[in-house]
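Here are a few exercises to work through with the model open beside you. Try each task before reading its solution.

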Amino acid sequence: VLARTMVRDLAEKDQAARAMSLMLACTSIAPMLAPLIGGQILWFAGWRAIFWVLAGAGVFAFVVAWAKLPETLRPEYRQPFALGS
């Protein structure tokens with residue numbers, strides 16, 4: 001959801017179409033590669049290691065996103081956060 005929102009905020013028509021098709025390709029390829037990678041982790045380190053690798057990948061992705069991704073919504077469209085609304 002966030003990737004699509006970022007594409008909407010940052011890209012125009014043709015560039016957005018290219019970005020969305022790349023995201024769709026990645027979404028299609030990931031389920032094919034995941035069992036291969038998981039099988040290799042299972043073979044070398046056991047089934048618990050799969051969860052540790054997933055946790056590490058999640059933490060890594062969070063840190064990179066926190067450090068590197070700027071706010072993509074234009075300032076004129078931003079609204080202050082209010083819990084009541």
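## Exercise 1: two helices crossing

H2 passes H3 in a right-handed crossing (right-handed if the near helix is turned clockwise from the far one by less than a right angle, left-handed if anticlockwise). Before going further, note that this is a predicted model, in which local features need pLDDT of at least 70 and side-chain atom pairs count only at pLDDT 80 or more, while totals for chains, interfaces and linings use all residues. Residues are numbered from 1 along each chain as its sequence is written, and side-chain values use heavy atoms, with hydrogens and water left out.

**Task.** Find the angle at which H2 and H3 cross, and classify the contact between them.

**Solution.**

Step 1. Locate the helices: H2 covers residues 13-45 and H3 covers residues 47-68. Helices here are DSSP runs (H or I, at least four residues), numbered from the N terminus.

Step 2. Take the axes, which are lines fitted to C-alpha atoms over the stretch in contact, with angles running from 0 to 180 degrees between N-to-C directions. The two axes come within 7 Å and cross at roughly 125 degrees. H2 is therefore oblique to H3 (under 35 degrees is roughly parallel, over 145 roughly antiparallel, 65 to 115 roughly perpendicular and the rest oblique).

Step 3. List the contact residues (heavy atoms within 4.5 Å). H2 contributes Gly38, Ile41, Leu42 and Ala45, and H3 contributes Trp47, Ala49, Ile50 and Val53.

Step 4. Sort them by class: the contact has 7 nonpolar, 1 polar and no charged residues. In this scheme Ala, Val, Leu, Ile, Met, Phe, Trp, Tyr, Cys and Pro are nonpolar, Asp, Glu, Lys and Arg are charged, and the others, Gly among them, are polar.

## Exercise 2: the H1 and H2 pair

**Task.** Describe how H1 and H2 are arranged and which residues meet.

**Solution.**

Step 1. The axes of H1 and H2 come within 9 Å and cross at roughly 165 degrees, so the two helices are roughly antiparallel.

Step 2. Their crossing is right-handed.

Step 3. From H1, Ala3, Arg4 and Val7 meet Ala16, Ala19, Met20 and Met23 of H2. By class, that gives 6 nonpolar, no polar and 1 charged residues.

## Exercise 3: a charged pair

**Task.** Locate the salt bridge, and decide for each partner: buried or exposed?

**Solution.**

Step 1. The structure holds 1 salt bridge (a side-chain nitrogen of Lys or Arg within 4 Å of a carboxyl oxygen of Asp or Glu). It joins the side chains of Arg8 and Asp9, at 3.5 Å from N to O.

Step 2. Arg8 counts as exposed, at 60% relative accessibility, whereas Asp9 is buried at 14%. Buried means under 20% relative accessible area, exposed over 50% and partly exposed in between, with a 1.4 Å probe and protein chains only.

Step 3. Asp9 belongs to H1, residues 2-10. Leaving out residues up to four places away in sequence, Asp9 touches Thr72, Leu73 and Arg74.

## Exercise 4: exposed residues

**Task.** Where do Trp52, Phe60 and Pro70 lie, and how accessible is each?

**Solution.**

Step 1. Trp52 lies in H3 and is exposed at 67% relative accessibility. Ala34 is 18 residues from Trp52 in sequence and 15 Å away in space, C-alpha to C-alpha.

Step 2. Phe60 also sits in H3 and is exposed at 60%. Its C-alpha atom is separated by 22 Å from that of Met32, 28 residues apart along the chain.

Step 3. Pro70 is in the segment after H3 and is exposed, with a relative accessible area of 56%. Pro70 and Arg8 are 62 residues apart in sequence, with 14 Å between their C-alpha atoms.
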